[in-house]
Each structure stands twice: as C-alpha cells, then as structure tokens.
Amino acid sequence: MSRIGNKPIPVPSGVTIEQNGSTLVIKGPRGTLEQTFHPEMGIEQQDGLLLIKRPSESKLHRSLHGLTRTLVANMVQGVTEGFTRNLEIAGVGYRVAKDGNTLVFSLGFSHPVRMEPPAGVTFNVDTPTRFSISGIDKQAVGQEAARIRKLREPEPYKGKGITYQGERIRRKAGKAGKVGGKK
C-alpha cells in the first residue's frame, strides 16, 4: 500500500485543473503546467482535493501510484509557490554576474562562461558568489542547477567550485610531501 500515493493533494484557491484523457493541465497565479500521465492511473477531483487512484495491486500500478501523486503535487506547488535552487561559488577569483537574462561565470577558465536560461527558468544573482535559479517546473529548475554545477564541480582538496547551498563537500588531505628532509 502506497502511503504517498494515498495522500490527497490540497488544491489552493486560484488554481484550476483541467483533465483531457491522461493529460493534466494545471493553471495558477504563476503560470500553467501540462503533463501526460500513464493512461491507467486515475486522477479525481473532489471537494478541493486531488486523489490519485490505481486500478490494481500490480507492481507497475503500485510504482506509478506514488510517482503520479508526487508529480501532480509538484505541479500544484509550482503554479502556486514555484521552486528555487540556491547555489554558491567558492574559489579565489570565481564569481558570477548577470548580463540581461544571461549568467556570466568566471571560473578559472581562459574565457568567461555564459549560460542562457531555458524557457520558464529565471536567474537571480544575490552576490558575486551566490545566485539562485527559480521557476514553476521543479524538473527544469533542478536540471538547470545541475547543468550549471557541472561547469566547475567542487573538488575535494581545496573545496573550489559551484555547490548547492548547504551542501557539504567531503575534503581530502593533500599529499604529505617531504617531512624531515633528506637523510
């Protein structure tokens, strides 16, 4: 029995839900999201709640039950509140600046790296070493954050690179070098 799949999803006021077959369109104050789900999964709307129903107890239906509920809940949260990923840059001379909608990174390469936001995603630069990625689609925000982090992943010796805010980097000890001199 799926504990996640059985939880009802509250629908806030100002959010409209349209269902066309297995396609769900959710409109809210921040925008519109549309997604197609497995045709055998049932999505019902009752008294300001969304319920996800599965037709049987087969392994496929059990696995799709929780997944469908989570995806629908993320869509509802996205059109009402949105999603944000905060990132930090560590390293001497490493920084980020915003040029229009584009982020311009100085990450120790011989050239600045420019990143254009995909549709539905916006960038915000708080300080030269902190920036955020926000949007209504959780998957798009997470994918863009991972793509930017990949530019200069944090390295374990000095901790330099792009990290998610609050991420802990496992540090390694450097080599011991010559201790005590020549004998």
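The questions and answers below go through this model piece by piece.

Modeller: This is a predicted model, so to speak of local features we need pLDDT of at least 70, side-chain atom pairs count only at pLDDT 80 or more, and totals for chains, interfaces and linings use all residues. Residues are numbered from 1 along each chain as its sequence is written, and side-chain values use heavy atoms, with hydrogens and water left out.

Colleague: Is histidine 65 buried or exposed?

Modeller: Histidine 65 sits in helix α2, residues 59–80. Helices (H or I, at least four residues) and strands (E, at least two) are DSSP runs, numbered from the N terminus. Buried means under 20% relative accessible area, exposed over 50%, partly exposed in between (1.4 Å probe, protein chains only). Because its relative accessibility is 2%, histidine 65 counts as buried.

Colleague: With which side chain does the side chain of histidine 65 make a polar contact?

Modeller: A polar contact is a pair of N or O atoms within 3.5 Å; within protein, one must be able to donate a hydrogen and the other to accept it, and residues adjacent in sequence count only if both atoms are side-chain atoms. For histidine 65 the distance is 3.0 Å, and the partner is the side chain of arginine 54.

Colleague: What is the bridge partner of glutamine 45 in β6?

Modeller: Two strands pair if DSSP finds at least two bridges between them. β5 and β6 run antiparallel and are joined by five bridges. They belong to an open sheet of three strands in the order β1-β6-β5, with β1 (9–10) and β5 (42–46) as edge strands. In β6, glutamine 45 is partnered by leucine 50.

Colleague: At about what angle does α2 run to β6?

Modeller: Contact means heavy atoms within 4.5 Å. Axes are lines fitted to C-alpha atoms, for helices over the stretch in contact, and angles run from 0 to 180 degrees between N-to-C directions. α2 lies across β1, β5 and β6, and its angle to β6 is about 155°.

Colleague: Through how many residues does a hairpin join β3 to β4?

Modeller: β3 pairs with β4 (residues 31–36) in the antiparallel sense, over six bridges. Lysine 27 has threonine 32 as its bridge partner in β4. The hairpin joins β3 to β4 through two residues.

Colleague: What is the angle between the planes of phenylalanine 105 and phenylalanine 131?

Modeller: Rings of Phe, Tyr and Trp (its six-membered ring) pair if their centres lie within 6.5 Å; planes under 30 degrees apart count as stacked, over 60 as edge-to-face and the rest as tilted. The structure holds one aromatic pair. Both phenylalanine 105 and phenylalanine 131 are buried. Their pair is edge-to-face, at 5.5 Å centre to centre, and the planes are at 70°.
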